[in-house]
Amino acid sequence: MPQLGLLPGRAWTVLLGLLRPPPGALCIRAVRSHSQVAEALFASQLKPHQEKSNFTIKTPKGTRDLSPQQMVVREKILDVVVSCFKRHGAKGLDTPAFELKDFDIAGQFDPMIPDAECLKIMCEILSGLHLGDFLIKISWKDVRHEMVVKKGLAPEVADRIGDYVQCHGGISLVEQMFQDPRLSQNKQALEGLGDLKLLFEYLTLFGVAEKVSFDLSLARGLDYYTGVIYEAVLLQTPVHAEEEPLNMGSVAAGGRYDGLVGMFDPRGHKVPCVGLSIGVERIFSIVEQRIKTFGEKIRTTETQVFVATPQKNFLQERLKLIAELWDAGIKAELMYKNNPKLLPQLHYCENMGIPLVVIIGEQELKEGVIKLRSVASREEVAIKRENLVAEIQKRLSES
């Protein structure tokens, strides 16, 4: 299980101080409207004011305003990421006004078990986001430099490793390197290959080995990585079967960084760490572009039921009814008018994707029933008032 919060208090203070940007870098606003008011308000903030003003409102550097549709997309992405982290036992760590979607395991554990779980998490998130086919490339940090300069591997052996840089594959490639006589005679090389073989065994047990490729050409520029490194890329499906999948860019990355914590600890305590980062902003841009390309309609609310009336002077009855739905935990809306016409109410439900409408009028009030309308099929049934909440909950659970 991931062990977070193992750093001494002073070390965390220093580390978070380096990561923390100015206050106010993140601002979320809630907007509730029945037409295009929310979009109009959002758009108006982006246009320069027509009259002269003594001040100008600007978004903080590194941030941007998001429309209701964009917020829905972003929240769905974050929900997939955070839900996966929690499924793997993560504890939350928050830096004020700054958002990192990272998962880290800190502590002294047996080799490759935490590393394998990080790769499993990466696969779960990318699969859950339905971004298409992807591949996770893994490698060693600065292979030749590590082997020759730091670990004393003979240059000719390191050069032999270089022959494999152009190769990529899974456990079979690792086995092939094991059988190379010049590599198999070196203790350091055998230790590294042994770790990789063990990693692939765990990945096979996790059911994700086919999504991971050993690729010595992978090199990440961050100096604090100390062992296995990995990077996830999206693959564009080729038009023709004989073509290779195209790399659409990195969307997640990580690796082992056993020396980083000690840099921020006054006592220099070493805490082995491995972790991953999800490129939320890059994924958001990819999903947003695909939505624009395919014209997908995005629901900006989670409203389940709309309370409507076809007649005048029924505001009080609508208010009592919607309060009953809210108290039962049902997400409901009504139109903020005393005497709205029924057709605009129904059109609003269709445009917003609200699945159910409850309708109350003189006849329904007299008979002690409420009409329950399915927006998709336009079918209506009369439900006894006392059974309405239970019927709505039943329908929502079946949808």
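This is a predicted model: local features need pLDDT of at least 70, side-chain atom pairs count only at pLDDT 80 or more; totals for chains, interfaces and linings use all residues.
Residues are numbered from 1 along each chain as its sequence is written, and side-chain values use heavy atoms, with hydrogens and water left out.

**Overall picture**

- The protein chain holds 15 helices and 12 strands; these are DSSP runs numbered from the N terminus, with helices being H or I of at least four residues and strands E of at least two.
- Of the 399 residues in the protein chain, 41% are buried (buried means under 20% relative accessible area, exposed over 50%, partly exposed in between, with a 1.4 Å probe and protein chains only).
- Among contacts (heavy atoms within 4.5 Å) between residues at least 6 apart in sequence, 66% join residues at least 24 apart.

- One of the partners to look for is Gly 275 in strand 7, which bridges to Asp 104.
- Strand 7 (residues 273-278) is mostly covered, with 5 of its 6 residues buried.

**Aromatic pairs**

- The whole structure contains 4 aromatic pairs; rings of Phe, Tyr and Trp (its six-membered ring) pair if their centres lie within 6.5 Å, and planes under 30 degrees apart count as stacked, over 60 as edge-to-face and the rest as tilted.
- Phe 85 and Phe 103 make a tilted pair, 5.3 Å centre to centre with 50° between the planes.
- This pair links distant parts of the chain, 18 residues apart: Phe 85 is in helix 3 (residues 68-87) and Phe 103 in strand 1.
- Phe 85 counts as buried at 8% relative accessibility, and Phe 103 is buried at 2%.
- Tyr 224 and Tyr 257 have ring centres 6.0 Å apart and planes at 75°, so their pair is edge-to-face.
- Tyr 224 lies in the loop between strand 4 (212-215) and strand 5 (228-236), and Tyr 257 in the loop between strand 6 (246-256) and helix 10 (260-264), so the pair ties together parts 33 residues apart in sequence.
- Tyr 224 is partly exposed at 31% relative accessible area, whereas Tyr 257 is buried at 11%.
- Tyr 224, Tyr 225 and Tyr 257 belong to one aromatic cluster.

Definitions and conventions
Two strands pair if DSSP finds at least two bridges between them.
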